[in-house]
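Hello! I am passing a structure on to you, and below it you will find some notes on what turned up in it. Take your time and keep the picture open while you read.

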Amino acid sequence: MKQENIRNFSIVAHIDHGKSTLSDQIMKMTDTFSFRGNEEQVLDDMKVEQDHGVTVRSRTVRNIYRATDGQEYELNLIDTPGHVDFNYEVEKSVSASDGVILLVDATKGVQAQTVANYRIAKNNNLVIIPVINKVDNQSAQVDMCEQQLYELDESFLETDIIHISAKTGLNVNEVLEAIVNRIPSPKGDEKKPLKAMIFDSHYDSYQGVVAYVKVIDGVIKANDKLMSINQKMKFETPEVGIFSPQLLPLKELKAGDIGYIITGIKDPSDVRVGDTITGQSRQTDRAVAGYKPAHSVVFAGIYPKDADFDDLKVAMEKLKLNDSSIEFVEHVSNSLGPGYRCGFLGMFHLQIVRERLINEFSMPVIITSPNVNYRYTLKNDDTLKTINNPSDLPDFSLLNTIEEPFNKVVIETPSETVNDVMTLVSKSRGILLDMDNTAQLVKMTYSVPLAEIAFNFFNQLKSITHGFATYDSQFMEYVESDIVKITIDVNYAPVDELTFIVHRLNAEKLAQEIVHKLKYVIPRKLYPMPVQGYIEGRVVARVDVPPLRKNAAVSGDKKSVSKKQALLRRQSLNKRKSASESIQLPQSVFDAILNIE
């Protein structure tokens, strides 16, 4: 295919606005995939995607389209997620694209991720084609959607907004024509040394790492000797090809193409997303700029449950290969054993990682309570130190200051839900910075602690605004706050995994709630176990986990009171000593505390 007939594009939208349905329709109309029966959302082939009905990771497929001008065009479609936690996947897809289709649901209008994904495309200087989906729905508000798009970008006034129904195929041919006519072709040079950017990858048990690449300059052929510029890894590729959407081997990939190369590399850590591939003998003089790495928002521990740590290590390395946004370092817990301290993009990302470990790697795991980064200084040291594990925070008597991250949150919501939104943000310790009216929406800018919005804020916002509010959050600064550490003791033994860092305003109430929940989820023993919550060395909450049966020492045998008391003291001391060394917490403990499930 000539380079001028190649189009590389992504579809971006808010969750549930019809990206996957439009992808299916494009594949149908270009005869890329043979659909049978009621098969749909072919690109969402992961079990977690089918279970949740959302796209989790980007997928690529090549379509051959005969346009109205009589020429054939190669349309490389890169599908993208829509959930707020997977912005990083969108950035990866956009980095390999020359244009995007901005899809808007006619029944819902412009929503949070519509705005966020638009900004990603705009920052990458890509051509944006606005498309309104579900126009055949009885609840469609096409005029409202058009007005919102014009407010989002005035340049849309100079172009046609395409009205489609991805489900029935109405006007999808106009989208294909717009891709051909509006999105530019790649500008690579086949005669230059090879330069290809890795924008995604996955691991194959037999073939090793399979890298997804966009060829910017040069040509890649099977059996070429290649190397990665940043990782300095040298390898010979036995196969190159394209996605149809399955892997389809070809003789070569040329400048402008999007495809895959089999590296044969068995160590997943040797291949990094964003790296540049070039030839060993004829190298490019400059690596691809790539894109910014993902920044973790939520941190939690992952430990193997009834499995070997080495198996978890292999599973995590393979998972990292096709989810480069997850970060992890080894960590040993007194009660859960060896595992990892991991960083995630959000709570939904954490849940997806947990399910993928179970479904794809048969690795049942225990995930501890999540938290965010904090910074602190000591009384005898002014150096700022960062922690993401609450148990690493020094004793309160040694601390001078603690800082927590604040995000700048911009919310646009219909006027009738403004009061509800302001109440929600106030409960989250948000500070109003600005308020403005934009047509039918009220735009509010807040400064909000990241710890208050990282876990369930987005879902609550969607609920009270019925999904009509737009939401954008960016890190702003660290601010000194009155932060305290809640320490939980089980049977008089501190449990690091049940340590929390919270603001003093909420500390006592939260400690009491946690301790009372633990009463019903901690496995019971043959004797009562006290569970206590401490703040700055002071007990603020306590419950006793009831025993499985009565203590034998007070079973009714005729003994003197002094002998009973002596026996109880010896028995209690021995039991507590052994119990403090072997406290084991099931996943239900952490799920009950934060309702992850």
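Before anything else, a word on strands: two of them pair if DSSP finds at least two bridges between them. Helices (H or I, at least four residues) and strands (E, at least two) are DSSP runs, numbered from the N terminus. This is a predicted model, in which local features need pLDDT of at least 70 and side-chain atom pairs count only at pLDDT 80 or more, while totals for chains, interfaces and linings use all residues. Residues are numbered from 1 along each chain as its sequence is written, and side-chain values use heavy atoms, with hydrogens and water left out.

Now the overall view. The protein has 14 helices and 31 strands. Of its 597 residues, 54% are buried, where buried means under 20% relative accessible area, exposed over 50% and partly exposed in between (1.4 Å probe, protein chains only). Carbon and sulfur atoms hold 46% of an accessible surface of about 27,300 Å², computed by the Shrake-Rupley method with a 1.4 Å probe. Among contacts (heavy atoms within 4.5 Å) with a separation of 6 or more, 69% join residues 24 or more positions apart.

Let us start with a mixed sheet. Its 6 strands form an open sheet in the order β2-β3-β1-β4-β5-β6. At the edges are β2 (59-66) and β6 (162-163), each pairing on one side only. β2 runs antiparallel to β3 (residues 72-79), with 8 bridges between them. Which residue of β3 is the bridge partner of Arg62? That is Asn76.

Helix α6 lies across β1 (6-13), β2, β3, β4 (99-105), β5 (127-133) and β6, and runs at about 175 degrees to β5. For such angles, axes are lines fitted to C-alpha atoms, for helices over the stretch in contact, and values run from 0 to 180 degrees between N-to-C directions. The axes of α1 (residues 19-29) and α6 (residues 172-182) come within 10 Å and cross at roughly 85 degrees. That is why α1 counts as roughly perpendicular to α6, a label for angles of 65 to 115 degrees. On the α1 side the contact involves Leu22, Gln25, Ile26 and Met29, and on the α6 side Val172, Asn173 and Leu176.

Is Leu103 buried or exposed? Leu103 counts as buried because its relative accessibility is 0%. Leaving aside neighbours within four places in sequence, its contacts include Ile11, Val12, Leu22, Val131 and Ile164. Val131 is 28 residues from Leu103 in sequence, yet their C-alpha atoms are 4.9 Å apart.

Happy exploring!

Definitions and conventions
Angles under 35 degrees count as roughly parallel, over 145 as roughly antiparallel, 65 to 115 as roughly perpendicular and the rest as oblique.
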